[in-house]
Amino acid sequence: MPAHRAPTTRRSPDEKAGLGRHVASRRRFLGYLIAAPTLVVAAELTRESLWGPSEASAASVPSGPQTPELYDLLDTLRDAARPTANLIRIEVNRDGTVSFALPRSDNGQGIITSTQMIIAEEMGLEVDQVKVTLADARPELLFNQLTGGSSTTFTTYTPIRVAAALAHGQLLKAAAAELGQDVAVLTSRSGVITGASGRSLPFSALTEKAANQVTEQVEVTLKPKEDFRIIGKSQNKTDARAIVTGKKTFATDLQIPDALPTVICRAPDLNGYPEDVDNIDEVRSMPGVTDVEMVGTGVAVRAKTFGQAIDGVNALRVQWAAGTVAGENDDSVLAQVKKAELPLAVPAAGGATVEGAFTFYFRSNSSLETNCAIADVRSDRAEVWGPMKNPIAAQAEIAKKVGLPSSAVTVHVTEGGGSFGRKLFFDAALESAEVSKKMGKPVKLMWTRADDSRQGRVHPLATTRVRASVTADSVLSFELRHTTVATEVNPGLGEPITAAAFKTPVIGNLSLSESIFELTQVTPYNFGVSTRLLNEVDMGFNTSSMRNIYSPDVATARELMVDQIAAKMGKDPYEFRMEFFKNDRMRAVLEKVAEEGDWGRSMKKGTAQGLGFHTEYKGVAACLVEIDCRPETVNRRIRQGVTGPRVTKVTYAVDVGLVINPRGIEAQMMGGINDALAMTLTSSLHLDDGHFVEASWDNYFYTRQWNTPPEMNIIVMDSTADEPGGVGEFGVAATCGAIACAYARATGKLPEYFPINHKDPLPFEPYPTVPPIPPSPTNGLETTY
């Protein structure tokens, strides 16, 4: 297993100098006491900025502020959620525990645990005294039930604290009345309130006494950060034991009456659809099969077991209509993307020109838990269960699909087994509802792994071009043009963006994709005239964000070119970045990884160090990797794996603002690093004649144990911020850039495409004891279930 050190803390130069950091006084917030034991909270009215000031050095040419430095995607999502923050409720139960239905989706990122920590902190409870579940779709929340853009903790942190503080305040008042003492002399710990005389009352004895008879608005003051005893301390995920023992319940574990396993036979081409079935009655009579019906995306088979359903799928003989990308392949798609590239506008003048062009191929967004959902659709109502990150949009679309009003559709959000963008889309929920209506029976629908790889969501093929004008000591201009197969952000980030982002004067006239791009992408260096533009080509692919929307590709290209500019100036890559960074907060994380990772140490021929940096979602991160590109490493054979260059060590530092759970951040960074290894070195989809070749993780080479660095040091930096920023995306982009830079330094050449092994993938070699599965009669391709 990778070795890593415990998170360390430090005071950043910003804090030492008192620059760019406002330590907020104890502000007062408004909340509502409801006529019930449930308390409701109003949204905060101000926001903190986690950005430090731009500080151009004497040698660098300062760049003007970019949109995310003033107002980024997190601000947009919080402003969209703000009007309904007062509908977030915390309930104190009669047994003294506290319940909260979180209007977000937990797919393993740990937001249930961090939410428990926030409530426990404000109410003086232990973490296990707080019960957090996931809320059903609540249309009244409008834009406040979206899980995306690393925004959950940022958007819910203050409202949840306000609700918890109100509940705690009411319990203290009830205890004071019961004990006949002033609130000021009471102490509260672990769900017990103790008076000056030593007499104690548990929360359970106060729940009804604390209830309000009428709804009223009140003010509350939150606990000061210096008094925190839970927030900022490492906490294991509260569901960790259930996960490793197999007791955790996911969607397909649910036992819904009469919901039988269902699998859909899908077209050989991406987004093909059925025109006819030659042997539908024959398959209906197969063992265990209960129903076979044509639906919009294929032919659904319902059976007593998933194995029997898959047998039915494999036996079907279907006449298919062509898919949306019939006849296309990697090269033809790349040619269309290149044709759409926007020009680099700044002419070469007053210095040397440094240019680079890079290609990023399709990558799978299939998560550990394949696409799944359960549906029970009746004539007058429908009920659907699934791990959905956008349940309000899902509810509306399901209602439309089955011909019912939204009020007749109940959508239950289940915990998911992985997402990072995939479950922003609720394809399985829509399909399950359609199938259930067509069959007139409840169904438990699951995509096979091959379905997810070939027909699921993908990170789009893209190109990035960079041109910089450089003098002996300054960068006069830095242009970046990112061109990509269109990324679908609807319905994943649909309404919050159109409702809030389009109203901002800076980006109001731009397209939806350009708005997302503009709200997230920053060139963090003082590079004079700095531009970043996006263009997308809609070609009918099923795409989505995957551990970020644009950043992994953009950061890889940017950091590679930063190294090239540094070389042109005759500067060390570390010293160059430190000189040209926009603020000290950025310098602090890079300084930390250089110190901990021993930047500049002597390396053997064919090995090298590389640096990468990224800033987004109000956080900053730096990465130092060491890579081995020697022939004996690159050419080593690994059964069912990809060798090639091997990253042997990663040192990673991240500052995300206020840290709720350092251990959770550490785990997310480690996962992001492994994603970056895959995206940069080993895993890509190959498009051939309108379909993706890879059918599972046996021939889609995600990071294997051999590819994982033996040494991994994650450093969670201390911060003076009063709020958390975004976390989920951070492990990826900086690491992608660092790996690419290390590869270029070790080999002496710039990589032209990513993943680096895309053009010459190793052949699929099944385990000797398992014969390859024969081609499916439905699609003629090798299929792995």
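A residue counts as buried when its relative accessible area is under 20%, as exposed when it is over 50%, and as partly exposed in between. That cut-off runs through much of what follows. The model is predicted.

Start with D427. Its relative accessibility is 17%, so D427 counts as buried. Its side chain meets that of R457 in a salt bridge, at 3.6 Å from N to O.

Side chains of opposite charge can pair when their charged atoms come close. How many salt bridges are counted here? The count comes to 42.

Another of these pairs is K223 with E121, whose closest N and O atoms are 2.9 Å apart. This pair spans 102 residues of chain. K223 is in the loop between β9 (216-221) and α6 (240-245). E121 is in helix α4, residues 111-123. Are the two partners buried or exposed, or something in between? K223 has a relative accessible area of 23%, so K223 is partly exposed. E121 is at 1%, so E121 counts as buried.

Salt bridges can also join into a network. K237, D239, K248 and E415 are linked in this way.

The side chains of R577 and D563 form a salt bridge at 2.8 Å, N to O. R577 is in helix α16 (residues 573-580), and D563 is in helix α15 (residues 551-569). They are 14 residues apart. Both R577 and D563 are buried.

Now follow α15 itself. This helix has 19 residues. From first C-alpha to last, α15 reaches 26 Å, close to the 27 Å expected at 1.5 Å a residue. Is the helix mostly covered or mostly open? It is mostly covered, with 16 of its 19 residues buried. Just after α15 comes G570, with a positive phi of about 75°.

Next, the sheet. Strands of a sheet pair through backbone hydrogen bonds, either parallel or antiparallel. Here 5 strands form an open sheet, in the order β24-β23-β22-β15-β31, with mixed pairing. Which strands stand at the edges? They are β24 (529-537) and β31 (753-754). Each has a single partner strand, so one side of each is left without a neighbour in the sheet.

The partner of β24 is β23, residues 475-485. These two strands run in the parallel sense and pair over 9 bridges. To find a position in that pairing, look at E479: its bridge partner in β24 is T531.

Finish in a loop. T207 is found between β8 (200-202) and β9. Its relative accessible area is 5%, so T207 is buried. What does its side chain reach? The T207 side chain reaches the backbone oxygen of N93, at 3.0 Å. The C-alpha atoms of T207 and E91 are separated by 9.2 Å, although the two residues are 116 apart along the chain.

Terms used. Residues are numbered from 1 along each chain as its sequence is written. This is a predicted model: local features need pLDDT of at least 70, side-chain atom pairs count only at pLDDT 80 or more; totals for chains, interfaces and linings use all residues. Side-chain values use heavy atoms; hydrogens and water are left out. Two strands pair if DSSP finds at least two bridges between them. Helices (H or I, at least four residues) and strands (E, at least two) are DSSP runs, numbered from the N terminus. A salt bridge is a side-chain nitrogen of Lys or Arg within 4 Å of a carboxyl oxygen of Asp or Glu. Buried means under 20% relative accessible area, exposed over 50%, partly exposed in between (1.4 Å probe, protein chains only). The expected span of a helix is 1.5 Å times one less than its number of residues. A polar contact is a pair of N or O atoms within 3.5 Å; within protein, one must be able to donate a hydrogen and the other to accept it, and residues adjacent in sequence count only if both atoms are side-chain atoms.
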